[in-house]
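Open the viewer and keep the selection tool at hand. Each stop below says what to pick and what to look for.

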2 protein chains.
Amino acid sequence: MEAAVPGARGAVTAAGRRATIKDVAEAADVSRSTASRALTGRGYVAPAVRERVRRAAQTLGYVPDAMARNLRQQVSRSIGVLVSDLRNSFYADLASGVSSQSRRRGYAMMLADDAGSVEAELEAAETFVALRVAGVILTPLSAEVTEYLGRHRIPVIEVDRQFAEGVCDAVVVDNKAAAERVTASLLQQGHRRVALLIDEMDWTTGRDRLVGYRSAFLAAGLPLDDALVVRGGWDVGAATAVARELLGGPERPTAVFAANNVLAEGVWRAAQALGLRVPEDVSLVSFDDAPWMTMVSPGVTAVAQDAVALGEAAVAQMFDRIQSPESPKRTVMLSAAVAERGSTAPPAGA
Amino acid sequence: MEAAVPGARGAVTAAGRRATIKDVAEAADVSRSTASRALTGRGYVAPAVRERVRRAAQTLGYVPDAMARNLRQQVSRSIGVLVSDLRNSFYADLASGVSSQSRRRGYAMMLADDAGSVEAELEAAETFVALRVAGVILTPLSAEVTEYLGRHRIPVIEVDRQFAEGVCDAVVVDNKAAAERVTASLLQQGHRRVALLIDEMDWTTGRDRLVGYRSAFLAAGLPLDDALVVRGGWDVGAATAVARELLGGPERPTAVFAANNVLAEGVWRAAQALGLRVPEDVSLVSFDDAPWMTMVSPGVTAVAQDAVALGEAAVAQMFDRIQSPESPKRTVMLSAAVAERGSTAPPAGA
DNA sequence: ACGCGCCCTGGGATCGATTCCAGATCGAGC
DNA sequence: GCTCGATCTGGAATCGATCCCAGGGCGCGT
C-alpha cells in the first residue's frame with residue numbers, strides 16, 4: 001500500500017482523510033470563505049490569493065463534496081432516469097441519449113429500472129426525492145409516480161408514453177401517424193387480413209398505435225375486424241406463444257403489424273418455428289426498431305423511433321422546465337421514420 | 001394547479017416547502033432528535049411516541065434528505081457505474097445486472113458512459129468522487145481512472161477487462177479458455193485458415209482472447225500465421241470495412257473468430273455484402289453474444305458471456321470490499337458458455 | 001483632512017439530518 | 001427512603017460547503 005505523501009499529487013491529507021475546503025484553506029493560509037470564493041469564482045478574491053488557493057487545492061487533490069454543496073445550495077446537479085428495462089435496446093438507447101446530454105450540461109445521471117413493477121417504480125421515485133434530484137425523466141408505468149414526484153415539486157418529463165396528454169411534460173413520437181402510415185402501406189400492397197399484435201392499450205403508445213391502425217382501414221374504406229387485434233403479452237416468450245397461435249390458426253393473417261420490438265421478435269420467432277417465410281407467407285412490420293432487424297434477411301421493416309433523440313429531447317425539455325417552472329405543460333411530438341427493409345410483400349393471392 | 005392541502009396526503013408544508021424533520025418533530029410535538037430516533041429506529045423512543053412521529057411523517061409526506069443524511073454519516077448509499085457505451089447490449093446488460101443487485105441492497109446507481117473517451121472517463125470519475133459514492137464499478141478505459149479513484153479511497157471493481165491482474169478487484173470472464181475452446185472446435189472441424197478479428201490487445205480481454213486463439217493452434221500442433229490476426233476497429237462501420245477486405249481477398253479464411261459482438265456484426269454484414277453464405281462459404285464464431293445472433297439464420301455461434309451475471313457479481317464483490325477494505329485484491333473469473341447455433345461447418349474442401 | 005466607494009477578507013450562520021451527552025423520570029430492590 | 005439502572009427526551013455539536021455581512025484598507029476627489 002502506497003503511503004499518502006502530502007505535497008505529491010495525492011488525494012488525501014496526511015491523516016488519511018479526504019481533503020476538505022478547510023484543509024485547502026489552511027494550506028493556502030486563508031479562511032474557508034476565501035477558499036470557497038477562490039474556487040467557485042463567486043465574490044471578490046485577489047488574483048494572487050486565488051492562484052495560491054487553486055494550487056493548494058490541486059496539490060491536495062481536493063474535490064468538493066457535492067453532498068455538502070447541494071445541501072447548502074438546495075439544488076442538486078443530478079437528474080433521475082427511470083426506465084422499464086435496460087436490456088431492451090429501446091430503453092438503453094434512451095438512457096444513452098439522456099446520459100450524453102446531461103453530461104454536456106454538467107449533470108450526473110441516476111438510473112433505475114423498475115422491472116415492470118409499479119412497486120419498484122415508486123420505490124425508485126422515492127429514492128429520487130430523497131436525493132433531491134433536479135428532475136426526473138421516466139417512461140411511466142403507473143400514473144401515481146408522476147403525481148407523486150409532482151407533489152414533491154420535482155419536474156417530471158414523461159418519455160415515450162403518457163397516460164393523458166397535457167398533465168405532464170412529455171416527449172413522445174407520433175404514434176398514430178406512424179402506425180397509420182405503415183398500416184396503409186400494407187393495405188395498399190393488397191393485404192386485407194392485417195393483424196395488429198399489441199401489448200397494452202392503457203397508455204398513449206398503445207392507444208395511438210391502435211387508433212392509427214384503425215384509421216388506415218377507415219381511410220381505405222375497408223372494414224375493421226376486431227379479431228385481428230391480438231394482445232401479445234410482455235416478454236418474448238409470451239409474444240412468441242401468442243404469435244404462434246395467430247400464425248398457426250386456420251384464418252392466418254397475411255400481414256402482422258407488431259406494436260413494439262419485443263412483439264416483433266415473437267412474430268419472427270413464431271414464423272421461423274412454423275416454417276413460414278417472410279415476406280412470402282406473411283408480411284411483418286414492427287413499431288420500434290431494433291438492432292437485429294437489420295441483421296436478418298430480409299430486414300424487418302420498422303417504424304424507427306430514434307430513442308437516443310427521444311432521450312436528448314427529454315433532457316432539453318427538462319432544462320426548459322427548470323428554467324420556467326410555471327409555463328404550461330408541453331408535449332413534444334417527434335415524428336418517426338419508417339425504415340423499409342423488405343419484410344413486406346403483396347399477399348400470396350394477389 | 002392543485003393546491004397543497006396540508007394534512008391531506010400532501011408532500012409539502014403549508015408554506016410550499018418540502019417537509020423536513022423539523023416539521024415532523026413539530027407536528028408530533030417532540031424534538032428533532034426524538035423524531036430522528038423514531039424514524040431511523042436507532043436509540044430509545046417510547047412506542048407511543050414512535051407511532052405519533054411515524055404518523056406525522058406519513059401525513060406530511062416526509063422523505064429524509066439523503067444529502068443531509070449522507071453528509072452527517074459520511075457514507076452514501078449509491079454506487080457509481082461507468083461503462084463504455086450503453087447502446088452496446090453487452091454494457092446495457094451489465095448495467096442492468098448492477099442495477100437490480102444494488103437496488104436489492106438499497107443502493108442507488110449513478111450511471112455514466114464515457115463514449116470511448118479517456119477524458120470523459122476521468123470526468124465521470126471526478127463526479128463520483130464529488131458525490132462520495134460508496135464504490136465504483138467500471139469497464140476501464142485507462143489505467144489512470146482506477147488509480148485516481150483508489151487515491152480517493154473509493155473501492156473500485158473492474159469488470160470485463162483489466163490492464164493488469166491483482167492490482168484491483170475485478171470480475172472477468174475466462175477469456176483465454178473460452179477463446180481456446182471455440183478456436184479448437186473450428187480447427188477440429190478441419191479449418192486451417194482461421195482468422196481472428198480483434199480490436200485491441202492492451203487489455204486482458206484482447207490479450208487473453210489472442211492467447212487462447214494461439215494456444216488452440218499450438219495444442220493442435222498447427223502453425224500460426226500472424227497474417228490471420230487482423231485489427232478490426234472500434235465501430236461497426238470500421239469492422240465491416242476490415243471484414244470486407246479480409247473476406248474479399250485472394251486467400252480468404254475459411255473461418256473467422258470475431259473477438260466481440262461489434263466485430264461479429266461487421267463480419268456478418270461483410271459476408272452478406274459479398275454474397276458469402278454462412279457457414280458454407282465461411283464459418284463465423286463470435287466472442288460475446290448479442291440478441292441478433294439468435295435471430296438470424298443460421299444463428300451465430302458465440303461465447304455467451306452473461307453480462308447480467310457479470311454485473312451482479314461485481315456488486316457482490318463491491319460489498320465484500322466495503323466490508324473488508326484491507327483484504328487482498330481479488331479477481332473473480334466467471335466461465336463463459338459457448339452457444340452453438342450453426343454458423344460453423346467444416347470448410348468447403350473438407 | 002475627510003468622506004466615499006471599491007476591493008478584499010474572515011467570522012459565523014445556514015442547509016437537514018444524525019448522534020453524543022446530560023438530565024429527567026420511573027420502578028424495583030434493599 | 002435511597003440508590004441504581006433502565007428508559008426516554010431534548011439541547012447542542014457535527015458533517016462540508018456556501019454566502020451574507022461587517023469591517024479593514026486604500027485610493028481618490030474635494
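Which phosphate contact does the side chain of A:Ser36 make with DNA strand D? Select A:Ser36: an N or O atom of its side chain is 3.0 Å from a phosphate oxygen of DNA strand D. That is a polar contact, meaning a pair of N or O atoms within 3.5 Å; within protein, one must be able to donate a hydrogen and the other to accept it, and residues adjacent in sequence count only if both atoms are side-chain atoms.

Before moving on, some ground rules. This is a predicted model: local features need pLDDT of at least 70, side-chain atom pairs count only at pLDDT 80 or more, and totals for chains, interfaces and linings use all residues. Residues are numbered from 1 along each chain as its sequence is written, chains are lettered from A and ligands numbered from 1 in the order written, and side-chain values use heavy atoms, without hydrogens or water.

**Stop 1: the DNA surface**

Stay with DNA strand D. Then pick A:Gln73, where the corresponding distance to a phosphate oxygen is 3.5 Å.

Now widen the selection. DNA strand D is surrounded by 28 residues, each with a heavy atom within 4 Å of it. A:Ile21, A:Arg72, B:Thr34, B:Val49 and B:Arg72 are the closest. Colour this surface by class: eleven residues are nonpolar, nine polar and eight charged. Here Ala, Val, Leu, Ile, Met, Phe, Trp, Tyr, Cys and Pro count as nonpolar, Asp, Glu, Lys and Arg as charged, and the others, Gly among them, as polar.

Show the helices (DSSP runs of H or I, at least four residues; strands are E runs of at least two; both are numbered from the N terminus). Helix 2 (32-40) and helix 4 (66-73), in chain A and in chain B, each supply at least two residues of this surface. Helix 4 of chain A gives the most, five residues.

**Stop 2: the annotated stretch**

Select residues 19-73 of chain A. An unreviewed UniProt entry annotates them as "domain: HTH lacI-type"; such annotations may be inferred rather than shown by experiment. This stretch is 71% helix and 0% strand, with its end C-alpha atoms 21 Å apart.

Look at A:Asp29, in the loop between helix 1 (21-28) and helix 2 of chain A. Phi of A:Asp29 is near 60°, a positive value in a residue other than glycine. Most residues other than glycine have a negative phi, and most peptide bonds are trans.

**Stop 3: two cis bonds**

Go to A:Val278 and A:Pro279, joined by a cis peptide bond with omega about 5°. A:Pro279 sits in the loop between helix 11 (261-274) and strand 9 (283-287) of chain A. The bond from A:Ser297 to A:Pro298 is also cis, with omega near -5°. Find A:Pro298 in the loop between strand 9 and strand 10 (301-304) of chain A.

**Stop 4: domains**

Colour chain A by its domain assignment: domain 1 (1-64), domain 2 (76-173 + 307-334) and domain 3 (176-306). These bounds come from an automatic or database assignment. Over C-alpha atoms, the centres of domain 1 and domain 2 of chain A are 37 Å apart.
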